[in-house]
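Trainee: I am new to this one. Could you show me how to read it, feature by feature?

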Amino acid sequence: MAEKEQLEKEEIQNEETTENNELQSKQQEIDELTDRYKRILAEFENHKKRSQKEREGLYNSILSDIVEVILPILDNLENAVKVETVDENYKKGVELVLKQFQDVLKSKGVEEIKALGETFDPEVHEAVSSVQDDTKGEKEIVQEYRKGYKIGSKVIRHSMVVVAN
């Protein structure tokens with residue numbers, strides 16, 4: 001009888017060991033699948049971020065190409081506003097078109113590069129001439145021939161300027 005009880009105990013222990021081994025095996029499989037899932041999810045999130053950044057870069061690139069072609073028109077409108085005319089309604093109309101044009105560019109993130117009175121920065125300014133003037137600071141911009149524009153940190157067109165000292 002004792003032997004029979006001993007065999008039953010061993011059989012129960014073997015079943016428990018087998019069940020524990022199966023349980024550990026299944027837990028290990030679950031852990032591996034969970035790890036794989038987390039890696040794939042992280043990879044997918046990185047892909048989404050990268051794609052979004054590429055789309056924004058492409059959008060800004062296309063927008064800057066279009067704006068660059070349109071800037072001479074803006075220059076001409078600004079010059080037209082400066083010209084003296086006897087027809088005030090005509091001048092007012094040109095001013096309104098210029099304002100509308102500037103508002104559209106501003107709404108798309110296009111900014112004018114500040115130049116007059118600023119320190120010369122070769123990243124955004126293009127020096128076309130220099131003058132000696134003791135009343136001005138070193139590398140101070142004293143005149144602007146053509147306005148420059150940028151979208152965010154990307155320069156569309158450099159400002160053409162005259163630099164003092």
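Predicted model: local features only at pLDDT ≥ 70, side-chain atom pairs only at ≥ 80, totals over all residues.

Trainee: How many helices and strands are in the chain?

Mentor: Helices (H or I, at least four residues) and strands (E, at least two) are DSSP runs, numbered from the N terminus. Here the chain has two helices and six strands. Read from the N terminus, the order is α-α-β-β-β-β-β-β.

Trainee: What radius of gyration does the chain have, and what would a compact globule have?

Mentor: The radius of gyration is taken over C-alpha atoms, and the globule rule is 2.2 Å times the number of residues to the power 0.38. For a compact globule of 165 residues, the value would be near 15 Å, but this chain has 36 Å. The C-alpha trace spans about 125 × 45 × 20 Å along its principal axes.

Trainee: What share of the residues is buried?

Mentor: Buried means under 20% relative accessible area, exposed means over 50%, and partly exposed lies in between (1.4 Å probe, protein chains only). In this chain, 18% of the 165 residues are buried.

Trainee: And what share of the contacts joins residues 24 or more positions apart?

Mentor: Contact means heavy atoms within 4.5 Å. Take the contacts with a separation of 6 or more: residues 24 or more positions apart account for 62% of them.

Trainee: Now the helix pair. At what angle do the axes of H1 and H2 cross?

Mentor: Axes are lines fitted to C-alpha atoms, for helices over the stretch in contact, and angles run from 0 to 180 degrees between N-to-C directions. Helix H1 covers residues 2-82 and helix H2 covers residues 88-107; their axes come within 9 Å and cross at roughly 150°. That makes H1 roughly antiparallel to H2. The cut-offs are these: under 35 degrees is roughly parallel, over 145 roughly antiparallel, 65 to 115 roughly perpendicular, and the rest oblique.

Trainee: Is the crossing of H1 and H2 left-handed or right-handed?

Mentor: A crossing is left-handed if the near helix is turned anticlockwise from the far one by less than a right angle, and right-handed if clockwise. The crossing of H1 and H2 is left-handed.

Trainee: Which residues meet there?

Mentor: From H1, the list includes Val67, Ile70, Leu74 and Leu77. From H2, it includes Val94, Leu98, Phe101 and Leu105. By class, the contact of H1 with H2 has 12 nonpolar, one polar and three charged residues. Ala, Val, Leu, Ile, Met, Phe, Trp, Tyr, Cys and Pro count as nonpolar, Asp, Glu, Lys and Arg as charged, and the others, Gly among them, as polar.

Trainee: Where is Asp87?

Mentor: Asp87 sits in the loop between H1 and H2. It counts as partly exposed, at 40% relative accessibility. Asp87 and Glu22 are 65 residues apart along the chain, and their C-alpha atoms are separated by 94 Å.

Trainee: Is Arg39 buried or exposed?

Mentor: Arg39 lies in helix H1. Its relative accessibility is 57%, so it counts as exposed. From Arg39 to Val163 is 124 residues in sequence and 55 Å in space, C-alpha to C-alpha.

Trainee: What is the phi of Lys139?

Mentor: Most residues other than glycine have a negative phi. Lys139 is not a glycine, yet it has a positive phi of about 60°. Lys139 is in the loop between strand S2 (125-131) and strand S3 (141-146). With a relative accessible area of 44%, Lys139 is partly exposed. Asp121 and Lys139 are 18 residues apart in sequence and 8.7 Å apart in space, C-alpha to C-alpha.

Trainee: What about the phi of Asn165?

Mentor: Asn165 has a phi near 55°, again positive in a residue other than glycine. Asn165 is in the segment after strand S6 (159-164).

Terms used. Residues numbered from 1 in each chain as written. Heavy atoms only, no water.
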